[in-house]
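Q: I would like to learn how to read the features of a protein model. Can we go through them one at a time?

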Amino acid sequence: MYAICEPDPIAQEQIAALPADAVRSLAEVVKALSLSPWSGTPVKRENPDCNMLTWAFAGKGLVTYLVLEPQREVYIVRVQWI
């Protein structure tokens with residue numbers, strides 16, 4: 001299991017601005033990230049082993065996060081909502 005670190009301050013602001021239904025979907029993503037963070041899509045497709053990934057959620061959202069493997073931590077850097 002991976003620890004979910006406190007999100008980046010900008011990500012915290014983005015999370016606070018999400019609609020309620022998106023927050024629920026994001027909570028499900030965070031739970032999944034704690035179990036399987038490498039299931040996301042690498043930010044740089046030409047480097048599939050990079051540790052910065054994205055995960056789409058609720059049809060309108062995208063979480064960008066960093067996996068710190070030696071520490072077994074996940075750090076959310078951005079949350080976008082369209």
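Q: How many bridges join strand β2 to strand β3, and which way do the two strands run?
A: This is a predicted model, and in it β2 (residues 41–42) and β3 (residues 52–57) are joined by 2 bridges and run antiparallel. Within this pairing, P42 stands opposite L53 of β3.

Q: How many bridges join β3 to β4?
A: There are 6 bridges between β3 and β4 (residues 61–68), and these strands run antiparallel. To follow the pairing residue by residue, take M52: its bridge partner in β4 is L66.

Q: What should I look at in the hairpin of β3 and β4?
A: Look at the turn, where 3 residues lie between the strands. A58 has a positive phi there, near 55 degrees.

Q: How do I read the largest nonpolar core?
A: Begin with the general idea: in soluble globular proteins, nonpolar side chains tend to be buried together. Here the largest nonpolar core has 15 residues, and L26, F57, V63, Y65, I76 and V79 touch the most other members. At least two residues each come from α2 (20–35), β3, β4 and β5 (73–81). The largest share, 4 residues, is supplied by α2.

Q: Which residues does L26 touch?
A: Leaving aside residues up to four places away in sequence, L26 touches I15, L18, F57, V63 and V79.

Q: How is a pair of aromatic rings described?
A: Two values are used, the distance of the centres and the angle of the planes. A search of the whole structure gives 1 aromatic pair. Its members are F57 and W81, with 5.8 Å centre to centre and 35 degrees between the planes, a tilted arrangement. The pair links distant parts of the chain, since F57 is in strand β3 and W81 in strand β5, 24 residues apart.

Q: Are F57 and W81 buried or partly exposed?
A: F57 counts as buried because its relative accessibility is 4%. W81, with a relative accessible area of 30%, is partly exposed.

Q: Where does the charged end of R72 sit?
A: It sits over the ring of Y2, 4.1 Å from the ring centre.

Note on methods: Residues numbered from 1 in each chain as written. Predicted model: local features only at pLDDT ≥ 70, side-chain atom pairs only at ≥ 80, totals over all residues. Heavy atoms only, no water. Pairing = 2+ DSSP bridges. Core = buried A, V, L, I, M, F, W, Y, C linked by side-chain atoms within 4.5 Å. Buried < 20%, exposed > 50% of the residue type's maximum accessible area, 1.4 Å probe, protein only. Contact = heavy atoms within 4.5 Å. Phe/Tyr/Trp six-rings, centres within 6.5 Å; stacked < 30°, edge-to-face > 60°. Lys NZ or Arg CZ within 6 Å of the ring centre and 35° of its normal.
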